Amino acid sequence: LFTEPAATAGIAFAGAGLWATVDPGSGEVGGDQAPINAALDLINPSTGAPTKSTQVGALPTAVDAAFGSLWVTNHHSPFLSRVDPSDGHLVASISTGVLPIGNAAMTDGAGSLWVADWDAFTLRQIDPDANRQVAELPIPAYTLAFGAGAVWTVDQDAGLLIRVDPASARMVSAIRIPSGNAALTFADGCVWVASGADLLKIDPES
């Protein structure tokens with residue numbers, strides 16, 4: 001059991017090892033606390049102690065390992081951080097607009113990174129080759145998964161499982177599910193949604 005000296009929001013294993021977003025401020029990730037410089041830390045798997053620190057945006061949250069990089073969302077900053085997992089070098093800061101990105105979830109698929117910006121009710125498509133945002137969809141996306149050639153997200157408030165075509169970056173269908181906080185994954189050829197007391201198995205071809 002390892003205990004970080006501050007709140008940890010996201011983790012990913014890539015390159016040099018286990019990386020975690022760490023808030024060195026009040027111990028609370030997200031929320032309304034004042035913006036601060038926060039870090040992506042490389043964690044020693046034997047001791048749990050950070051051995052390397054990369055400064056990213058204020059209050060980093062989600063982390064995804066994809067396209068040979070680590071991608072970090074920043075709750076109080078209007079950009080996505082791209083980090084080299086071999087040495088912790090900051091490769092790029094990718095603008096997502098004029099407002100802070102808010103709480104976020106990420107997935108990757110069809111050659112793009114997909115970011116669910118909770119606060120802006122927006123699904124963002126990032127081109128990893130160009131290091132820039134190439135599309136944004138006005139979808140209140142809260143959690144993300146990729147499978148069967150599609151991006152899947154959940155609108156928790158409306159109770160909808162939404163399918164997005166990555167080629168056109170457009171919503172192509174919406175399936176009614178129970179509303180409320182939801183978890184989402186794609187496995188064994190199906191979309192799985194845990195929402196409230198329900199666990200749903202959904203055929204993507206239905």
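# Strands and salt bridges in a predicted model

Reader: What share of the contacts in the protein with a separation of 6 or more comes from residues 24 or more positions apart?

Author: The model is predicted, and the contacts considered here have a separation of 6 or more. Among these, the share that residues 24 or more positions apart account for is 35%.

Reader: How many strands does the protein have, and what part of its residues counts as buried?

Author: The protein has zero helices, and its strands number 19. The chain comprises 206 residues, and the part of them that counts as buried is 50%.

Reader: Where in the protein is confidence lowest, and where is it highest?

Author: The average pLDDT of the protein is 87, and 89% of the residues score at least 70. Strand 1 (residues 7-14) has the lowest confidence, with a mean of 82. The highest value, 97, belongs to strand 13 (residues 144-147).

Reader: Which residue of the hairpin of strand 5 and strand 6 takes a positive phi?

Author: Strand 5 and strand 6 are antiparallel and pair over five bridges, with Ala 65 opposite Leu 70 of strand 6. Their hairpin has two residues between the strands. The phi in question is near 55 degrees, and the residue that takes it is Phe 67.

Reader: How many of the residues of strand 6 are buried?

Author: Strand 6 covers residues 69-74. Ser 69, Trp 71 and Thr 73 point one way from this strand, whereas Leu 70, Val 72 and Asn 74 point the other way, and all are buried. The number of buried residues in strand 6 is therefore six of six.

Reader: Which residue of strand 7 is the bridge partner of Trp 71?

Author: Strand 6 and strand 7 (residues 79-83) run antiparallel and are joined by four bridges. The two strands form a hairpin with four residues between them. Thr 73 stands opposite Leu 80 of strand 7. For Trp 71, the bridge partner in strand 7 is Arg 82.

Reader: Is Thr 61 buried or exposed, and which residue's side chain does it join in a polar contact?

Author: Thr 61 lies in strand 5 (residues 60-66). Its relative accessible area is 7%, so Thr 61 is buried, the cut-off being under 20%. The polar contact spans 2.6 Å between side chains, and the partner of Thr 61 is Thr 73.

Reader: Why do Asp 117 and Arg 124 count as buried, and what is the N to O distance of their salt bridge?

Author: Buried means under 20% relative accessible area. Asp 117 counts as buried because its relative accessibility is 0%, and Arg 124 counts as buried because its value is 6%. Side chains of opposite charge can pair when their charged atoms come close. In the salt bridge of Asp 117 and Arg 124, the N to O distance is 3.1 Å.

Reader: Which residues are linked in a network of salt bridges?

Author: A search of the whole structure finds two salt bridges. One of them joins the side chains of Glu 136 and Arg 124 at 2.9 Å, N to O. This pair links distant parts of the chain, 12 residues apart, with Glu 136 in strand 12 (residues 132-137) and Arg 124 in strand 11 (residues 122-127). The residues of the network are Asp 117, Arg 124 and Glu 136.

Reader: How many bridges join strand 17 to strand 18?

Author: The open sheet of three strands has the order 17-18-19 and antiparallel pairing. Its edge strands, strand 17 (182-187) and strand 19 (198-202), each pair on one side only. Neighbouring strands of this sheet are turned against each other by 15 degrees on average, direction ignored. Ala 187 stands opposite Cys 190 of strand 18, and the number of bridges that join strand 17 to strand 18 (residues 190-195) is six.

Key: Residues numbered from 1 in each chain as written. Predicted model: local features only at pLDDT ≥ 70, side-chain atom pairs only at ≥ 80, totals over all residues. Heavy atoms only, no water. Buried < 20%, exposed > 50% of the residue type's maximum accessible area, 1.4 Å probe, protein only. Polar contact = N/O pair within 3.5 Å; in protein donor to acceptor, adjacent residues only side chain to side chain. Pairing = 2+ DSSP bridges. Axes fitted to C-alpha atoms, helices over the stretch in contact; angles between N-to-C directions. Salt bridge = Lys/Arg side-chain N within 4 Å of Asp/Glu carboxyl O. pLDDT = per-residue confidence, 0-100. Contact = heavy atoms within 4.5 Å.
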